[in-house]
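Reader: Hello! Could you walk me through this model with a few questions and answers?

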Amino acid sequence: MKRTLNPDLDRIVLDALAEKYKLLERREGIHLSDLTYCLTKSYWDCTAPLPPTDKELLLFATGYGLQEVMTPSCGKSLVYELDEITYRPDSVFPVTIAGVESLVEMKSTRAGVKRYQDGELPETWVTYMMGGAFIRDTDTYHLAVIYLAERGSAAIISETITFEREELEYNWKWLLERKDIYKKALRTEIAPDPFIYNVAKWLCTNCRYRTVCDAVTIMSRKEQVEKDIKELWGQE
């Protein structure tokens, strides 16, 4: 038996996954997910998108593929909108809990069960769920999480999360503020300042726009230094 690496086949498979799950398509409007992660990335995705890295393709395809397989046949693709913000849950299906029909959203993660069960859920998840709950005018969010990294077999743990009205309203105000910043960036064609509007530092780690943000930051610092020197010379 002879084994030969075939990188050309890697490319064919990855491109096919990108096409199947429409990972290269641009979305219309302002989505809840545009506002809950990084405004700078959302801006570049909308105005001058770079193709996702191979790592991103695999992560996205794995997540979408798992949702496709695990979502019950009664699953729906629903779209909500409030204050120009579109909310489109990735994977939802209706259930009846305590006599009330509700929606369950499914997520998958490579984190272990202990990380999110003993600790807090990711801030990005919480912000997104609160935004979705506010748009749907409810204080509860049903979440089913598939933990892929558990030894032996993946595990599923579901939760019903109840939010206080005050925190929902505070979160929505924050989202509207970010929407205004994002709309201004689109209108003026000037990207939001790098590394300022990402809600978590880890978002920058493998971001495809990291080099762009680094370059913008360097140029901004250079311009500021030149401005400071001119002002100093002017004073003299």
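The questions below go from the whole chain to single residues.

Author: This is a predicted model, in which local features need pLDDT of at least 70, side-chain atom pairs count only at pLDDT 80 or more, and totals for chains, interfaces and linings use all residues. Residues are numbered from 1 along each chain as its sequence is written, and side-chain values use heavy atoms, with hydrogens and water left out.

Reader: How many helices and strands does the protein chain have?

Author: Helices (H or I, at least four residues) and strands (E, at least two) are DSSP runs, numbered from the N terminus. On that basis, the secondary structure of the protein chain comes to eight helices and seven strands.

Reader: Is Val 13 buried, partly exposed or exposed?

Author: Val 13 belongs to helix H1, which covers residues 7-20. Buried means under 20% relative accessible area, exposed over 50%, and partly exposed in between (1.4 Å probe, protein chains only). Because its relative accessible area is 44%, Val 13 is partly exposed.

Reader: And is Lys 201 buried or exposed?

Author: You can find Lys 201 in the loop between helix H7 (165-188) and helix H8 (210-235). Its relative accessible area is 76%, so Lys 201 counts as exposed.

Reader: Which element gives the most to the lining of the second largest pocket?

Author: On a 1 Å grid over the protein atoms alone, a pocket is an open set of points where a 1.4 Å probe fits, with protein on both sides within 12 Å along at least five of seven lines, and lining residues have an atom within 4 Å of a point. Among the residues lining the second largest pocket are Trp 44, Asp 193, Val 216, Thr 217 and Ser 220. With three residues, the element that gives the most to this lining is H8.

Reader: Where is Asp 137, whose phi is a positive value?

Author: Phi of Asp 137 is near 60°, a positive value in a residue other than glycine. Asp 137 is exposed, because its relative accessibility is 61%. Its place is the loop between helix H6 (123-135) and strand S6 (140-147).

Reader: What is the relative accessible area of Glu 189?

Author: Glu 189 sits in the loop between H7 and H8. Its phi is near 60°, a positive value in a residue other than glycine. Glu 189 is exposed, because its relative accessible area is 67%.
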